[in-house]
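Dear colleague,

Please find below the structure that I am handing over to you, with its sequence. My notes on it follow directly after.

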Amino acid sequence: MSINLFDLTGKVALITGGTHGLGQAMAEGLGNAGATLVINGASSQDKLNTAVEHYKSLGINASGYLFDVTDEAQVIKNIAAIEKEVGNIDILVNNAGIIKRTPLEEMEVADFEAVIKVDLVSPFIMSKHVVKGMIKRKEGKIINICSMMSELGRSTVGAYAAAKGGLKMLTQNMATEWAKHNIQTNGIGPGYFATTQTAPIRVDGHPFNDFIINRTPAARWGGDPKDLQGAAIFLSSKASDFVNGQVVYVDGGILATIGKPSNED
Ligand code: GCO
């Protein structure tokens, strides 16, 4: 009898920032693999309801919880509600993130702290409280959404790079502390995808747009966020039961190469 190592039937997956973009794409992948989805949003109940209806329209069992992932009291209250109303959280995807593009010498401390709080502190707060149940149940999966900026710097995104670099190391330390409880903590590092977050720098004629196409061995932006679904399902399933503290970069090869001159094919 063949076992489908990637089957997530019976699993409950909580995705932060799961109402749009990369979060939505990864959530769809986990739902299509059989998981029951719990979608966190923070901006509006309407946006959250629309997203949950979208998943249901795909035949996926989904529910939504509106709370601020940087607020520990809200996190504790909502995790308790989710585990009572939906079930034990088997998979946590820390995807919620923001970016502020400002040269460091001009960046307000409050803006720097805001990026660190959402992109680095909230994965800690969410994981700290979700893992308590996983430790009791002796199993669990945590996926932290990293970035090219976990490895590379880029002008104007210093706070984001600090957070995503820190998240890579937080992922490794979570693995160090929790692997003994049969909990696998890993990361996914999306390359440059066509999302609302990258829209300002992905405009025809914008120098960064052409730069990315030239800098990426795949010679394109990550067009379809679905390109992230495979890594998300792998790191959520039995297929990764001995994978820990790793970041799977889904970047069309950006990190594999020094790049090439624009006039070279
Ligand atoms: C930017 C982009 C990046 C991407 C992604 C790359 O301004 O450089 O927004 O941050 O969103 O994180 O991995």
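A polar contact is taken here as a pair of N or O atoms within 3.5 Å. Please bear in mind that the model is predicted.

For Pro 190, a polar backbone atom is 2.7 Å from an oxygen atom of the ligand. At Met 148, a backbone N or O atom lies 2.8 Å from an oxygen atom of the ligand. On its own, the ligand has 330 Å² of accessible area, and the protein covers 95% of that area.

Surroundings of the ligand

The ligand takes up the space of the largest pocket. Around the ligand there are 14 residues, of which Arg 154, Tyr 160, Pro 190, Tyr 192 and Gln 197 come nearest. Sorted by class, this shell is made up of eight nonpolar, four polar and two charged residues.

Salt bridges

The count of salt bridges comes to eight. One of the pairs joins the side chains of Glu 139 and Lys 11, with an N to O distance of 3.6 Å.

With kind regards

Note on methods
Residues are numbered from 1 along each chain as its sequence is written. This is a predicted model: local features need pLDDT of at least 70, side-chain atom pairs count only at pLDDT 80 or more; totals for chains, interfaces and linings use all residues. Side-chain values use heavy atoms; hydrogens and water are left out. A residue is near a molecule or strand if one of its heavy atoms lies within 4 Å of it. A polar contact is a pair of N or O atoms within 3.5 Å; within protein, one must be able to donate a hydrogen and the other to accept it, and residues adjacent in sequence count only if both atoms are side-chain atoms. Accessible areas come from the Shrake-Rupley method with a 1.4 Å probe; for residues, only the protein chains shown count as cover. On a 1 Å grid over the protein atoms alone, a cavity is a set of points where a 1.4 Å probe fits but cannot get out, and a pocket is an open set with protein on both sides within 12 Å along at least five of seven lines; lining residues have an atom within 4 Å of a point. A molecule sits in a cavity or pocket if more than half of its atoms lie within 2 Å of its grid points. Ala, Val, Leu, Ile, Met, Phe, Trp, Tyr, Cys and Pro count as nonpolar, Asp, Glu, Lys and Arg as charged, and the others, Gly among them, as polar. A salt bridge is a side-chain nitrogen of Lys or Arg within 4 Å of a carboxyl oxygen of Asp or Glu.
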